[in-house]
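Come along while I look things up one at a time.

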Amino acid sequence: MLFTKHKNLIRWIFIGFSFVIIALILWNTYMFFQSFKAEERIKMENWSAAQRDLIKSNNLDGDIGELPLQILQSNTTTPMIMVDLNGNIEHNNLDEQNAKDTAYVKDLILEFEQENQPIEIIYDGKVLNTLYYGNSPLLNKLKYYPIAFVLILVLFAGLVYNFYRSTKIATQNKLWSGMAKETAHQIGTPLSSLIGWTEILKMEEVNPEYIAEIEKDINRLETITERFSKIGSVPTLTKTDIVKETLESYDYLKSRSSKLIAFSIDVPNHEIPVQLNAQLYSWTIENLVKNAIDAMKGKGKLSLQIIASEQDVKINVTDTGKGLSKAQFNQVFEPGFTTKKRGWGLGLSLARRIIEDFHDGKIKVAQSEIGKGTTMQITLKTIGKPSVS
């Protein structure tokens, strides 16, 4: 209980602690880089001193000694360019092919000058040579280490976030499924009782018209119960004609909607087979149509259209309602999002779950314009080629 109560605080403490550790690692890396750079500077100053001793021995025809020679020969990694008073250039640890290019060498001198302060080789109070040197390969690798470290951390953070998000979605789906099954179970008990009472009313010779209306409501409740039962588990898909199922849903919704809604439908005159759960599909169409009617505030034009190709079939539901902004195209499918004063904001979220999770299809806002209306589009894969009647 204590952990749950302070979960957000603990999470922020953990995030803050992680940032402190990252900052310390980056700071220590920076300090190590500067320390290594200073040591390399000392090494190059020693090399310059050995070079000065070499110049001195040449001028005096003396012996330079072993130590200066060892220093001059030991540096095999640091790239360097030495320029004398006459502009003559000597280089060390450079690619021989590139070193023949004068323009390349001049650019390299400028680059080295920015990386490290040049060292002047002075003899008898005169600057005989100027040494330009760059960072050694090891120092360059160390320079890019913090960038690589940050990239690794970003990738790791992305993996953690995706894992956390996937876990959260899985938990939500499990809760959704549990609630759906429980709802179906709870509705089932009074529904069975209503069916029994209907049979009693028939024996009591109650007006058949009343009983017929009650049976319609009972059938509707049975459909709702079965829908919730299927949404709470993996539904069975069968080869079904999408045109027939769409027409049935259209006829049912048209007969039970306001006369102020001008319905129209445009479908092919042949079968289009798809893998489908008919009840969940009709629920999706019902949600899209009801949302469209709400967007039009109960008055306007609503059309359904089926467009088939060899690979898939598209079902468009178009209204003349208030429309959506582009920023809302994806938001409308999020649980809890609604533009209505009353509503749970679950209709389109449920539609996405049915189409994308259960039918491996796509649902999206195909087109929308503020004040002119919206087109919602469902895309499902077809089975083989449509059969023309």
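Entry 1: I started with Tyr30, which is partly exposed at a relative accessible area of 45%. I keep in mind that this is a predicted model. Trp27 came next, and I found it exposed, with a relative accessible area of 51%.

Where do Trp27 and Tyr30 sit relative to one another? I found both in helix H2 (residues 7–60), three residues apart, which separates them by about one helical turn. An α-helix has 3.6 residues a turn, so residues three or four places apart point the same way. My search of the whole structure turned up three aromatic pairs. Trp27 and Tyr30 make one of them, a tilted pair with 5.9 Å from centre to centre and 35° between the planes.

**Entry 2: another pair.** I then looked at Tyr250 and Phe263. Their ring centres are 5.9 Å apart and their planes stand at 75°, so I noted the pair as edge-to-face. This pair links distant parts of the chain, with Tyr250 in helix H8 and Phe263 in strand E6 (residues 261–266), 13 residues apart. Are these two residues buried or exposed? I found Tyr250 buried, and Phe263 as well.

**Entry 3: helix H8.** Tyr250 made me curious about its helix. H8 covers residues 242–255, 14 residues in all. From first C-alpha to last I get 20 Å, close to the 20 Å expected at 1.5 Å a residue. Which residues of H8 are buried? My list reads Ile242, Val243, Glu245, Thr246, Ser249, Tyr250 and Leu253. They cover an arc of only 165° around the axis, which is why I place them on the same side of H8. At the N-terminal end I found a cap: a side-chain oxygen of Asp241 lies 3.1 Å from the backbone nitrogen of Val243.

**Entry 4: past the end of H8.** I moved on to Ser257, in the loop between H8 and E6. Its relative accessibility is 17%, and because buried means under 20%, Ser257 counts as buried. A polar atom of the Ser257 side chain lies 2.6 Å from the backbone oxygen of Leu253. Leaving out residues up to four places away in sequence, I see Ser257 touching Phe263 and Ile293.

**Entry 5: the cores.** Which residues have the most contacts inside the largest nonpolar core? I wrote down Ile242, Val289, Leu302 and Ile315, in a core of 34 residues. Helix H9 (residues 278–295) gives this core its largest share, six residues. Apart from it I found another core, of 11 residues, including Trp47, Leu72, Met80 and Tyr133.

Setting aside neighbours within four places in sequence, its contacts include Ile242, Tyr281, Ile285, Met376 and Leu380.

**Entry 6: a proline in a loop.** Pro235 turned up in the loop between helix H7 (208–231) and strand E5 (238–241). At 11% relative accessibility, Pro235 counts as buried. How far apart are Pro235 and Ile354 in sequence and in space? I get 119 residues in sequence and 9.4 Å from C-alpha to C-alpha.

**Entry 7: stepping back.** I closed with the whole protein. Its secondary structure comes to 11 helices and 11 strands. Of its 389 residues, 33% count as buried. Among contacts with a separation of 6 or more, 67% come from residues 24 or more positions apart.

Technical notes:
Residues numbered from 1 in each chain as written. Predicted model: local features only at pLDDT ≥ 70, side-chain atom pairs only at ≥ 80, totals over all residues. Heavy atoms only, no water. Core = buried A, V, L, I, M, F, W, Y, C linked by side-chain atoms within 4.5 Å. Buried < 20%, exposed > 50% of the residue type's maximum accessible area, 1.4 Å probe, protein only. Helix = DSSP H or I, 4+ residues; strand = E, 2+ residues; numbered from the N terminus. Contact = heavy atoms within 4.5 Å. Expected span 1.5 Å × (residues − 1). Arc of directions from axis to C-beta. Polar contact = N/O pair within 3.5 Å; in protein donor to acceptor, adjacent residues only side chain to side chain. Phe/Tyr/Trp six-rings, centres within 6.5 Å; stacked < 30°, edge-to-face > 60°.
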